[in-house]
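Colleague: Could you walk me through how to read a model like this one? I'd like the general idea each time, then the case at hand.

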Amino acid sequence: RIFHPCAPSYMSKSVNQLYSDNERSKKRTYNARVINVEKATFIPLILSTHGGMGPECKTLVKRVASKIADKRGENYSSIINHITTRIRFSLLRSVLLMLRGSRRKKGCSEGKALEAICFNMIPE
C-alpha cells in the first residue's frame with residue numbers, strides 16, 4: 001500500500017502512526033487468509049509517496065539484503081542501498097505512470113536479472 005502522508009485526511013496523525021495504521025489495516029484484510037490458505041506469513045509492504053517505508057517493510061528489506069550479502073559475499077551497505085534505491089525509483093515510476101500514462105513502446109522490456117547485477121559497483 002502506498003499512501004501520501006500530506007493528504008488532508010492524514011494531517012492530524014504523525015507519520016509513524018500512519019505507517020502503523022496502514023500496516024494494521026492491511027494485516028486485518030489479508031493475514032488470516034495467508035496463514036490459513038497459503039500456510040505462509042504475511043508482511044505488509046507500506047510505502048509513503050515521500051519514499052519512506054513502514055517498520056515491517058524496513059525489516060523485510062534489511063533481511064533480504066543480509067541474505068543476498070551473505071550468499072554473494074558482497075557489502076551489505078551496497079546491497080541495501082541498491083534495493084532501497086530500486087524501490088524508490090519504482091515508486092516514482094508508478095506515480096509518474098499514473099499521472100501521465102505510459103509512453104513505452106509495446107513489447108519493450110527493461111532491467112537486468114538479479115544475478116547479473118554487481119552491487120559493489122567494482123568492475124571485474
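Modeller: Here is a short tour of helix packing, a loop residue and salt bridges.
This is a predicted model, where local features need pLDDT of at least 70, side-chain atom pairs count only at pLDDT 80 or more, and totals for chains, interfaces and linings use all residues. Residues are numbered from 1 along each chain as its sequence is written, and side-chain values use heavy atoms, with hydrogens and water left out.

Colleague: At what angle do helix 1 and helix 2 pack?

Modeller: Helices (H or I, at least four residues) and strands (E, at least two) are DSSP runs, numbered from the N terminus. Helix 1 (residues 15–37) packs with helix 2 (residues 55–72) at about 80 degrees, their axes 9 Å apart. The two are therefore roughly perpendicular (65 to 115 degrees).

Colleague: Where is Phe 42, and is Phe 42 buried or exposed?

Modeller: Buried means under 20% relative accessible area, exposed over 50%, partly exposed in between (1.4 Å probe, protein chains only). Phe 42 sits in the loop between helix 1 and strand 2 (47–48), and is buried at 18%.

Colleague: Which residue forms a salt bridge with Lys 27?

Modeller: Side chains of opposite charge can pair when their charged atoms come close. The criterion is a side-chain nitrogen of Lys or Arg within 4 Å of a carboxyl oxygen of Asp or Glu. Lys 27 pairs with Glu 56, the closest N and O atoms being 2.8 Å apart. That pair links helix 1 to helix 2 across 29 residues. Lys 27 is partly exposed at 31%, as is Glu 56 at 24%.

How values were computed
Axes are lines fitted to C-alpha atoms, for helices over the stretch in contact, and angles run from 0 to 180 degrees between N-to-C directions. Angles under 35 degrees count as roughly parallel, over 145 as roughly antiparallel, 65 to 115 as roughly perpendicular and the rest as oblique.
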